[in-house]
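The report below looks at one helix and its surroundings, and then turns to charged side-chain pairs.

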Amino acid sequence: VRWMAIIVKAKALRADQDAEEAKVRHKAKQVASARTRLQNWMTGRKSESMTQAVRWMAIIVKAKALRADQDAEEAKVRHKAKQVASARTRLQNWMTGRKSESMTQAVRWMAII
């Protein structure tokens, strides 16, 4: 029964990931379309209203802001991973006697890990 629950959870997680990937693909298509349509409007190949052009610009700007947020989040995650790896190494060095640090410092490293 336990392994069945694990399989069901894994399938649900995969379904969530698939749905998220579909949203990302849809958003990418939407942004690409908005860029193309805006370029066509700006070069005079299409005669759309100014309001529509502003909508396309908004789609593009939102996508850029979202990407910037994602980049910042990824940078935070990378920084945290480096911090944990460093703390782990320093704690191991302290535990094996290669470094003589205070117990307080060792506790700080443990908290990071």
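## Basis of the model

Just after H2, glycine 97 takes a positive phi of about 85 degrees. This is a predicted model, in which local features need pLDDT of at least 70 and side-chain atom pairs count only at pLDDT 80 or more, while totals for chains, interfaces and linings use all residues. Residues are numbered from 1 along each chain as its sequence is written, and side-chain values use heavy atoms, with hydrogens and water left out.

## Helix H2

Helix H2 covers residues 50–95, and its end C-alpha atoms lie 67 Å apart, which agrees with the 68 Å that its 46 residues should span at 1.5 Å a residue; the expected span is 1.5 Å times one less than the number of residues. Helices here are DSSP runs (H or I, at least four residues), numbered from the N terminus.

Among the H2 residues that are buried are Trp56, Ile60, Val84 and Leu91, where buried means under 20% relative accessible area, exposed over 50%, and partly exposed in between (1.4 Å probe, protein chains only). What covers the buried residues of H2 includes helix H1 (2–42) and helix H3 (103–112), with contact taken as heavy atoms within 4.5 Å.

## Salt bridges

A search of the whole structure finds 2 salt bridges, each defined as a side-chain nitrogen of Lys or Arg within 4 Å of a carboxyl oxygen of Asp or Glu. In one, arginine 14 meets aspartate 18 at 2.9 Å, N to O, and these residues are 4 apart in helix H1, so about one helical turn separates them.

Arginine 67 and aspartate 71 also form a salt bridge, at 2.8 Å, N to O, and both lie in helix H2. Arginine 67 is partly exposed at 41% relative accessibility, as is aspartate 71, with a relative accessible area of 34%.

Notes. Helix = DSSP H or I, 4+ residues; strand = E, 2+ residues; numbered from the N terminus.
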